[in-house]
Each structure stands twice: as C-alpha cells, then as structure tokens.
There are 2 protein chains.
Amino acid sequence: MSSLDMIEAAARRLQGHARRTPLLGSPFLDDIAGRRVLVKPECLQHTGSFKFRGGWSALSALDPATRARGVIAFSSGNHAQGVTLAAKLHGVPAVIVMPSDAPRIKVENTRAYGAEVVLYDRASGDRDAIGAQLAAERGLTLIKPYDEPQVIAGQGTCGLEIAEQTAELGIDQAEVLIPCGGGGLTAGVALALETKAPGLRVRPVEPEGFDDVARSLQSGRIERNPRLSGSLCDAIITPSPGELTFPIMQRLCGPGLVVSEEDALRAMALAFTRLKIVIEPGGAVALAAALFHPASTAGDTVIAVASGGNADSGLFRQALETHA
Amino acid sequence: MSSLDMIEAAARRLQGHARRTPLLGSPFLDDIAGRRVLVKPECLQHTGSFKFRGGWSALSALDPATRARGVIAFSSGNHAQGVTLAAKLHGVPAVIVMPSDAPRIKVENTRAYGAEVVLYDRASGDRDAIGAQLAAERGLTLIKPYDEPQVIAGQGTCGLEIAEQTAELGIDQAEVLIPCGGGGLTAGVALALETKAPGLRVRPVEPEGFDDVARSLQSGRIERNPRLSGSLCDAIITPSPGELTFPIMQRLCGPGLVVSEEDALRAMALAFTRLKIVIEPGGAVALAAALFHPASTAGDTVIAVASGGNADSGLFRQALETHA
C-alpha cells in the first residue's frame, strides 16, 4: 500500500513544516566504531522525535472536512506529541487517549501542545471502546502510530533526506540502523531508500528482551514480545511488528540487531559528549549498535538514526554520571 | 578589512566541510519569551562550536605552500579544537599552545583532534615568546581567535545561513542575540546581515562581570574586563573586544545584553528539555537573554545563537538537577 510515490507526496506536504535534520558525526565516534558513523538526529525534529513527520503526513492527507472534525490517537509518548502538534498547526482538535498512570510530564506536555487528554484506567477501562465512542460521537479520525500508510509515508521522508544527504557526501554503500518499535520509521525509510539509494540497507535495532522485529524477520512471521513494560527504551516497545510494516521490512531490511540498555545509556552519554544532542534510551539503540557491535554490521560507513530525544532528566543525569 | 565579499568567499570554501546548522524552536520557549524564539545551534558544528568555521576559513585562505608548513594557535578551548580539526582535514600540522594548568580533558581532546599541544607555565613562561619561537623555527602561521579578517569572515558564514533561513520563514525583522567574547562571531554575523537581511539587528550578549563589549559599545571606546577567570562562561571570556571586531560591532550592533550565570544554566536546562541540544554556559547566554530578559529586546521574533556545546558533564548534570 505504501510506496515511494506516497513518500514523495508526503515530503511535499511536509516541506516548510517538518525540519530537515542534518547528518552529524565525530572522529571520536568513528574511532570507537572502526568505521565512519553518521547520525541522523530526529531528536531535533519538532516535538523531539520523528513522529511529527508521520503525524503531519496523516493530518495533511485528510480531506479538509474530515480533518476539521479532529483526530484521535492512543499514545502516552512521542506519537501523541507528534499528532497533537500537527493537529494544532492545522488548526484542528486532537484527542489523545492515555492510561491514567502515564507519567505526569507526558500528560502535561501533550496537553501543552494543545491536545484534549482523555485518561482511562488500565485495569477497568477499555481503551479501544473509549476511543471508538469518542470518534463516533465527534467524527474524529483515528491516527494509528505505525500501521497506517500515510504515517509510514511521513516517516519515509526521513529516508529521502538520508538518500540526498549521503549522495552529497558521495556515500553509496552503507547500513542504516534504525530504532524499531512497530516499524513505521523502519519500513518508511527502507521504502524510500529502495529506489533512491539502493546501496543503503536498513537494519532495525531493538533492546534486549523486546526483540519482536528481529525474531519476526528471522522466523518469517509476526512474533510477539513476551512483555511490554520494564524497559528504559519505552519509546520503541510495541507488542509486535505491524501488519503493514512487517512485509515491507521482510522484503527490504537486513537482520535485526539487539543491544542492551547499558549500551543505550553509553550511546546517550557519547551523543552528549561528541555530538551535543540529547537522545532518549529508545532513540539511542541504533547508535549503540553502531558503536558497540561493529562486528554485526558491514562496510565503511554506518548511519544511525537517533529517533527521539524525550529523555527524562533524571535518567539522563544518570547516564552522564555513569558513562560520560 | 572584512567584507561581505570575504564572507561569501569563505562560504564557498566551507561548502561541504562546515555543517549548515538548522534553526530550531519550540512553542514552550515561545511561551516563556512571549515571542517567537529561533535558535541557531552552532553546538552542532564540527568540534562543538562555531569556531570550526573561522578555523577552516583561515586555513583554506592560506596559500598552499604556507599552509603546508602548518599553523599555530593560543587557546585552551573551542578555537583550539576548531583550528586543529581544520588543519587535520587539510592534512597540515597544528600546534596549540596552552597553559599547563588547562583542564586535562581539553588538552586530551585537542590532541585527539590531531594537534601537537605545547604546554607552558603561566607563572614563569611567556606564551607569546614561546609561540613566536615555534612559528619562526617551523614557519607556522598564527591563527588568531577573532582579530583576523579570514576568521571573522568564516564566522560570518553563520550569518549568511541565518539570512537564508529567516527569508525561507518569511521573517524580515528580528533581533539576533549572539554570545560575545572577542567579537569574531558577532562582527561576522553583523556584516553578513547588514546586506543580506538588513531588518535583522545583532545584539552581543555577555555574562555579568565580563561585559567588556556592552560597556565598550556604550562608551564608544574599547573597555577591558577587570578579571578574566572565575566565570562558568569561560568560552566567551576575553580581555576586551578586538581591534578589528569592535569598529564593526560599533557600526552595526545594538546595545549589549548581560545575563547572570544562573540564567545561562536555566537556558541550558531548557535547551535540553525543549530543543534536545547540549549548550555550554557561554554558549547559552544569548538564549538566556531571549528567554529571561524579554523586555530588553523588541519585535515578534528573536534569534539566539547557541555558540558552543562543549559543556563539562558534571556541570551539565548540575544544571539539569537544579533547573530541569
């Protein structure tokens, strides 16, 4: 369903709204990895993660009458903020459904970006029923976090930029490591690169214990995570790869990579010291794989997407204290 | 001596070597300031500060035979790293003269970028004599940190980018706040904007107690700082504005702004939370002025240059602990 045409159309809609993030690097990181390391800092995107791309893409693809009624999303994290800001900038309402035990700062930030936050009790409430009722009553359109073609197309615009930026640097062969949850960013970037930079191969990266995508790619069918909580890399924890994203990843991506939480924290500290960017643990797994698992990738150049930077300040201080 | 032509020539030499840093912003920062705040994150430049622009500009302007003998600089900070990496990428030697009590991490980083570091004793050594002797023996060219036309031209390329980026956003009136030490960046940006974006006015920003530029602009002659140590904003502490930079600032800049160290630390914490970038105290003074002294600037939009990000990790943790 998703295609390069859709990604290029999304890029036209995002023009002047999403940020074109640069490619960063440091000779110190190259030394650690033993090859050239380039980092695509999507933490610098609006709302601090790549999710704004997909949110804007989905919102801007709706017909104006539908869009005017508003959108709804289920998320306590980066997707909520990306959709909310995209809705606000379109001048339409956003309703975000979150569990009542979501961290207060996430609720506050999502509200501050302009959303109506509807809280439900995880134990007694039925999230989907609450969302369906709200959507029906108000005519809201559900924006899914990854299994939605226009969201995948929006995330794919990050891949178009990587293709252009590597071409400018004369790089035509590289592995592109991407922090992977449901696979929206991974699939979108892989689709963009398939045609625009066929020498670049995408590799999804996950934290240990939550490697549903790596196992799914290995077994050839959708595998699930045994648990969904207890990871510092919460931004990229999903039950399983998406039904739309998985076939794309299966066709285009190399084997998945897995890193420890400790690796992610070390990568956060190095991104602070050497790149001057803030990455959250889930957003740091690709850089961690590039730096600390060099034998798992091939070639002279590795590109690591830093997918988000919404790190808790206490955790960030801890990463610096231990590793910087 | 410096001119727009020189800046544009420097920009051509820097093309493909220096990073074009983006313009960042956040609705949360706009709310604090009461107007639109755009941040030019030169902390994302190579070596973590704008100094790479001036270093590359100066190196690339030398005739090849002169350049091949190498360059020398006096610096324990960002200028040393900028010059060293520019020299390394040109394949020529760099000698950096530093006091023997410079922080070990700065010595190590400068060496790691490829410099030969020559240490001298502050009490007994004569820095200038040591430098002059080395330069004479080896035919090294001295790269001064700000009072050097090609360095000013290199820093001015940051201003060309601001002019282009604000034009893309439809902004033709704004104050541009710049952390100011010797005035190389301030003067270079002001020269670029004079012609390329005449509605943008540059304002130098300094820390309390080290406001030589603000006082010089006020009195109309070069004033000196009573002391040169004891500031967290060490990256932008110089004895006085430069002889080349001051007349440019006097002709083109608005009155200087002054912020407290506490303001700088708060701005660092907000840049972490809202922009996902790492700024050092001296690099944060312009953002601090934009956020916490809104009555001192005018207009709908303020642009703050974040000039560097080489923050000590302990100090950064402290800023987060107190203010994030």
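**View 1. The buried residues of helix H10 of chain B.** Helix H10 spans residues 212-219 of chain B. Its buried residues are Asp212(B), Val213(B), Ala214(B), Ser216(B) and Leu217(B). A residue is buried if 20 or more other C-beta atoms lie within 10 Å of its own, exposed if 12 or fewer, and partly exposed in between; C-beta atoms are placed from the backbone. The cover over these H10(B) residues includes strand E7 (200-207), helix H11 (245-252) and strand E8 (257-259) of chain B. Helices (H or I, at least four residues) and strands (E, at least two) are DSSP runs, numbered from the N terminus. After H10(B) comes Gly220(B), with a positive phi near 85°.

This is a predicted model: local features need pLDDT of at least 70, side-chain atom pairs count only at pLDDT 80 or more, and totals for chains, interfaces and linings use all residues. Residues are numbered from 1 along each chain as its sequence is written, while chains are lettered from A and ligands numbered from 1 in the order in which they are written.

View 2. Strand E9 covers residues 301-306 of chain A, and six of its six residues are buried. Thr301(A), Ile303(A) and Val305(A) point one way; Val302(A), Ala304(A) and Ala306(A) point the other. In a regular strand the side chains alternate between the two faces of the sheet. Strand E1 (residues 36-41) of chain A runs parallel to E9(A), joined by six bridges. Here Val39(A) stands opposite Ala304(A). Strand E6 (residues 174-179) of chain A is also parallel to E9(A), with three bridges. Leu177(A) has Ala304(A) as its bridge partner. Two strands pair if DSSP finds at least two bridges between them.

**View 3. Two domains of chain A.** Domain 1 takes in 4-50 + 148-323, and domain 2 takes in 52-142. These bounds come from an automatic or database domain assignment. The C-alpha centres of the two domains lie 24 Å apart. Their contact takes 23 residues from domain 1 and 15 residues from domain 2. Two residues are in contact if their C-beta atoms, placed from the backbone, lie within 7 Å. On the domain 1 side, helix H1 (4-14) and helix H8 (149-168) of chain A each give two or more residues. H8(A) gives the most, with seven residues.

**View 4. Where chain A touches chain B.** The contact takes 21 residues from chain A and 21 residues from chain B. On the chain A side, helix H14 (313-323) is one of the elements that give two or more residues. H14(A) gives the most, with five residues.
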